[in-house]
Amino acid sequence: MTGQRSDARRNYQRILSVAEAEVAARGADASLEQIARTAGVGSATVRRHFPTRQALLEAVFRERVEHLCDRARNLGDTDDSRAALLEWLRALVAYAVSARGLADALTYEPPTDQPAAHSCGSALEEAGAPLLRRAVRDGAVKGDVTFHDLLTLSVGIALATEHHSDPAAQADRLFRLSVEGISPGREA
């Protein structure tokens, strides 16, 4: 029994390590069969540890998403609530652009204001929503803006720029444009 548990832990870590490399190289559509072959396990073993593609992607990005969550929590004490929120969103967009597959993973979230429990989106919401609430409270952000709106915008920017020659620069440009608007000082 102990041997099986130890083998299962080793298999999990080996699969996750291979999956991280495959997702970085091929994005969210990385082949589960290729991951199994490279990890030296059967497809059933991959599916036992990660029953869905989403579960695998969540595991691949968990540690990096936690860094974004830590950053949001650290920005919570910043005096300028708008600047704190924008700094965090800019980091989220930059990370989604640099971590191939993250934006795709976040698109699996349901189109509601409540991401699935224990998901990357849920963790990001738990950490980032206080920044948004504070900015709304301070009048720095419109009251009808939801966290899901901001997550959708961030994911959209990352997905729209991933094939550009300089995706980071293009994503930053689109982020600034979304914050400043196309006609500063004018209502839609």
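**Close-up 1. Cys120 and Cys69, two buried cysteines.** Cys120 counts as buried because its relative accessibility is 3%, where buried means under 20% relative accessible area, exposed over 50% and partly exposed in between, with a 1.4 Å probe and protein chains only. Cys69 is buried as well, with a relative accessible area of 1%. The sulfur of Cys69 lies 8.6 Å from the closest cysteine sulfur, that of Cys120, and this is too far for a bond. Cys120 is accordingly in no disulfide, a disulfide being a pair of cysteine sulfur atoms within 2.5 Å, and by this rule the count comes to 0 disulfides.

The model is predicted, so that local features need pLDDT of at least 70 and side-chain atom pairs count only at pLDDT 80 or more, while totals for chains, interfaces and linings use all residues. Residues are numbered from 1 along each chain as its sequence is written, and side-chain values use heavy atoms, with hydrogens and water left out.

**Close-up 2. Gln54 in helix α4.** Gln54 is found in helix α4, which covers residues 53-75; helices (H or I, at least four residues) and strands (E, at least two) are DSSP runs numbered from the N terminus. With 18% relative accessibility, Gln54 counts as buried. Its side chain makes a polar contact with the side chain of Glu58 at 2.3 Å, a polar contact being a pair of N or O atoms within 3.5 Å, of which, within protein, one must be able to donate a hydrogen and the other to accept it, and residues adjacent in sequence count only if both atoms are side-chain atoms.

**Close-up 3. The end of helix α9.** Helix α9 is followed by Gly181, whose phi is positive, near 85°.
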